[in-house]
Amino acid sequence: MKAELIAVGTELLMGQISNTNAQYLSQRLPALGIGVYYHSVVGDNPLRLEESLRTAMERCEIIILTGGLGPTQDDLTKETVAKVLGLNMVYDEISAECIRKYFSCLGKTMVESNLKQAYFPEGSKILYNDEGTAPGCIIETENNTVIMLPGPPREMKPMFEKSVEPYFSDKIGEKLSSAFVKITGMGESSVEDALMPLIDHQTNPTFATYAKTGDVTLRVTASGENREEADSLLNAALEKVKNILGENVYSVSGEELEEVVVKRFIKEGKTLALAESCTGGMLAERLTNVSGASEVLKYGLVTYSNEAKEKLLGVERETLENFGAVSRETALSMCRGLKKLSGASVCVSITGIAGPTGGTPEKPVGLVYIGIASDDSEECIECRFNGNRERIRTLTVINVLGNLLKM
């Protein structure tokens with residue numbers, strides 16, 4: 001089955017927000033046996049949306065629209081779809097009651113215009129919204145399935161996972177089973193090269209890689225006549241991937257690196273303390289995004305200045321003067337001071353030159369030292385990254401998380 005994704009919103013065309021919905025849906029739909037062939041972005045203009053919708057219906061069986069389901073006058077996705085399909089708009093009392101309850105739970109007065117969101121093209125399968133006021137819907141025609149989802153990702157993703165994925169799973173004859181393998185310490189080309197014996201002969205299961213700064217995601221999808229057969233093929237493929245890539249695989253269920261670190265530390269009863277200089281708290285932020293991190297993270301210090309390194313971590317001035325803030329000696333001294341201060345099982349220090357200024361021939365931009373001290377060992381890892389400031393800081397954080405998993 002072929003799909004086209006249409007994102008509705010002038011703010012997308014103007015670059016005010018990124019179209020992350022298309023990225024998310026493009027990653028999820030292939031696991032359902034649906035190939036994404038086209039992406040379109042249309043402003044809040046009913047004539048242009050009508051044109052895009054008619055084009056999409058001619059070339060794809062499935063059209064998924066995100067955005068334009070709100071209560072304002074320029075939210076016209078449902079109305080435009082109804083016009084193209086020759087359907088009347090009908091009122092759904094259940095949706096209206098859900099909208100009223102949403103505002104009541106927030107202690108706010110509902111504006112009457114919000115009930116505009118309770119109207120749908122007749123014959124719609126309504127998808128109720130647990131995270132906001134805009135319900136979605138699915139309309140089936142002779143040749144097309146048109147799906148409308150809210151624009152905010154925090155509303156769209158739960159609705160897709162709760163309602164749309166089961167809808168397609170019930171529709172397809174064969175059963176699909178998929179997993180997202182997360183890999184660190186290897187680039188996308190290295191992963192593909194290592195897995196080439198599997199990828200070269202892929203029929204069932206299939207393999208597809210996606211890269212972002214610092215790690216790689218491998219989607220593995222298997223199909224079978226029933227769920228048991230699909231799961232069996234998938235699990236066999238995952239074992240082959242893990243055997244080839246070894247400890248570079250940190251999750252086969254799509255978990256982020258920081259989630260795996262926190263869960264492992266909790267399981268092993270370990271605590272963690274951080275002293276960050278060039279990353280300025282990025283590592284602490286990643287970790288504290290994970291529920292349960294409070295059981296692990298005891299201290300998170302941003303010792304950006306030399307003064308902070310001296311006062312908070314006890315780094316001697318002579319160390320800073322003789323070796324510099326960005327040095328193996330300073331990183332280890334930071335780590336030792338943090339161990340004494342926090343008493344955590346594992347302490348991490350980070351100091352480096354993120355750029356774009358501050359580099360020298362001896363200490364170029366991208367030079368980073370990472371100190372790691374546990375109860376019975378300490379080490380300092382020298383890293384040399386390239387790219388802009390954000391990339392260098394991000395790679396540093398990912399490098400630390402990867403090393404914490406090896407402890």
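Two strands are taken to pair if DSSP finds at least two bridges between them, and on that basis this predicted model contains an open sheet of five strands, arranged in the order β14-β13-β15-β16-β17 with mixed pairing. At the edges of the sheet lie β14, covering residues 297–302, and β17, covering residues 378–384, each of which pairs on one side only. From one strand to the next, the twist averages 10°.

Strands of a sheet pair through backbone hydrogen bonds, either parallel or antiparallel. Within this sheet, strand β13 (residues 272–276) and strand β15 (residues 346–352) pair in the parallel sense, over five bridges, and L272 stands opposite V346 in β15. Helix α14, formed by residues 328–342, packs on the sheet, where it touches β13, β14, β15, β16 (367–373) and β17; the direction of α14 makes about 145° with that of β15.

A further contact to follow is one between two helices. Two packed helices are described by the angle between their axes and the distance between the axes. For helix α10 (residues 257–268) and helix α15 (residues 389–405), the packing angle is about 35° and the axes are 10 Å apart, with α10 passing α15 in a left-handed crossing. On the α10 side, the residues that meet α15 are L257, E258, V260, V261, R264 and F265, while α15 contributes I398, L401, G402, L404 and L405. Sorted by class, the contact of α10 with α15 has eight nonpolar residues, together with one polar and two charged residues.

Key: Residues numbered from 1 in each chain as written. Predicted model: local features only at pLDDT ≥ 70, side-chain atom pairs only at ≥ 80, totals over all residues. Heavy atoms only, no water. Axes fitted to C-alpha atoms, helices over the stretch in contact; angles between N-to-C directions. Helix = DSSP H or I, 4+ residues; strand = E, 2+ residues; numbered from the N terminus. Left-handed = near helix turned anticlockwise from the far one by under 90°. Contact = heavy atoms within 4.5 Å. Nonpolar A, V, L, I, M, F, W, Y, C, P; charged D, E, K, R; others polar.
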